[in-house]
Structure formats: structure tokens, C-alpha cells
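Have the sequence and the model open as you read.

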Amino acid sequence: MNYVYSAFGFQLPRSSYEIANLGQKVAFDELQPGDLVFFKGRSTKSARVGHVGMVIEKTPQGFKMIHASTSKGVRIDNYSDAYYKSRFLFGKRLDLI
């Protein structure tokens, strides 16, 4: 997310946990392309933000997102994938203009 936002002249905090403190929460059914989505980290038992992605497309099952995986690099995944669905916390919209 830092790379994308810096291309437009905005600087975000370094961690997904800190980015989660910005913006306004968005209801799941109101998510739009450009909104940020936050997930638990590796442990589904934790409620702490550990990962962030950006919605790029709404789908009947939720959304597609672009994000950076530590093991697989930058990639596009579906929210409907059981891994992400079980870790979803909330969405946020950043109004930086």
C-alpha cells in the first residue's frame, strides 16, 4: 500500500496495524475499489491487524484485492478464499484529497 500511495504523493505509516488507524470504517457491503481491507495475521485467534489489501473489484462473493504476500510477492486474490474470509476484520476508506 505504501508503494501505491507514495506514487500519488501520500505517505502512509509503515505497518498494516498503523494504517488501520486511518480513515473511516466501511460496511462490508459498501466496499468499493480503492478501499483498504484489513485481516488478522497468521493466527486466526488474534484480533490484531496483521495484513492489508486494496479492493480492486467487487464480486458476487465479496471482492478481489491486490496485496503483497511475504512469500508470493504482489498478487491478486479473492476474499472468498477460505484463508482470507476467515481472517477478515474490516474495511476502511481513506479520504486523502
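**Reading the labels**

In the lining of the largest pocket, β3 is the biggest contributor, giving 5 residues. This is a predicted model, in which local features need pLDDT of at least 70, side-chain atom pairs count only at pLDDT 80 or more, and totals for chains, interfaces and linings use all residues. Residues are numbered from 1 along each chain as its sequence is written, and side-chain values use heavy atoms, with hydrogens and water left out.

Q: What makes a residue part of the lining of the largest pocket?
A: A pocket is an open set of points on a 1 Å grid over the protein atoms alone, where a 1.4 Å probe fits and protein lies on both sides within 12 Å along at least five of seven lines; a lining residue has an atom within 4 Å of a point. The largest pocket has 32 such residues, and the closest to its centre are His51, His67, Ala68, Ser69 and Thr70. Its space is about 780 Å³, where a volume is the space filled by probe spheres set on the points, joined across faces, edges and corners.

Q: How is the lining of the largest pocket divided by class?
A: It has 14 nonpolar, 10 polar and 8 charged residues. Here Ala, Val, Leu, Ile, Met, Phe, Trp, Tyr, Cys and Pro count as nonpolar, Asp, Glu, Lys and Arg as charged, and the others, Gly among them, as polar.

Q: Why are β4 and β5 called paired strands?
A: Strands are DSSP runs of E with at least two residues, numbered from the N terminus. Two strands pair if DSSP finds at least two bridges between them. β4 (residues 62–69) and β5 have 6 bridges, in the antiparallel sense, so they pair. They form a hairpin with 3 residues between them, and His67 stands opposite Arg75 in β5.

Q: Why are β1 and β5 said to stand at the edges?
A: The 6 strands form an open sheet in the order β1-β6-β2-β3-β4-β5, with antiparallel pairing. β1 (24–26) and β5 (73–78) each have a single partner strand, so one side of each is left without a neighbour in the sheet.

Q: How do you know that Arg93 and Asp35 form a salt bridge?
A: The term asks for a side-chain nitrogen of Lys or Arg within 4 Å of a carboxyl oxygen of Asp or Glu. The Arg93 and Asp35 side chains meet at 2.7 Å, N to O, so the pair qualifies. It links distant parts of the chain: Arg93 is in strand β6 (residues 88–93) and Asp35 in the loop between β1 and β2, 58 residues apart.

Q: What makes Asp77 and Arg75 a salt bridge, and is each buried or partly exposed?
A: Their side chains meet at 2.7 Å, N to O, in a salt bridge. Asp77, at 10%, counts as buried, whereas Arg75, at 27%, is partly exposed.

Notes. Helix = DSSP H or I, 4+ residues; strand = E, 2+ residues; numbered from the N terminus. Buried < 20%, exposed > 50% of the residue type's maximum accessible area, 1.4 Å probe, protein only.
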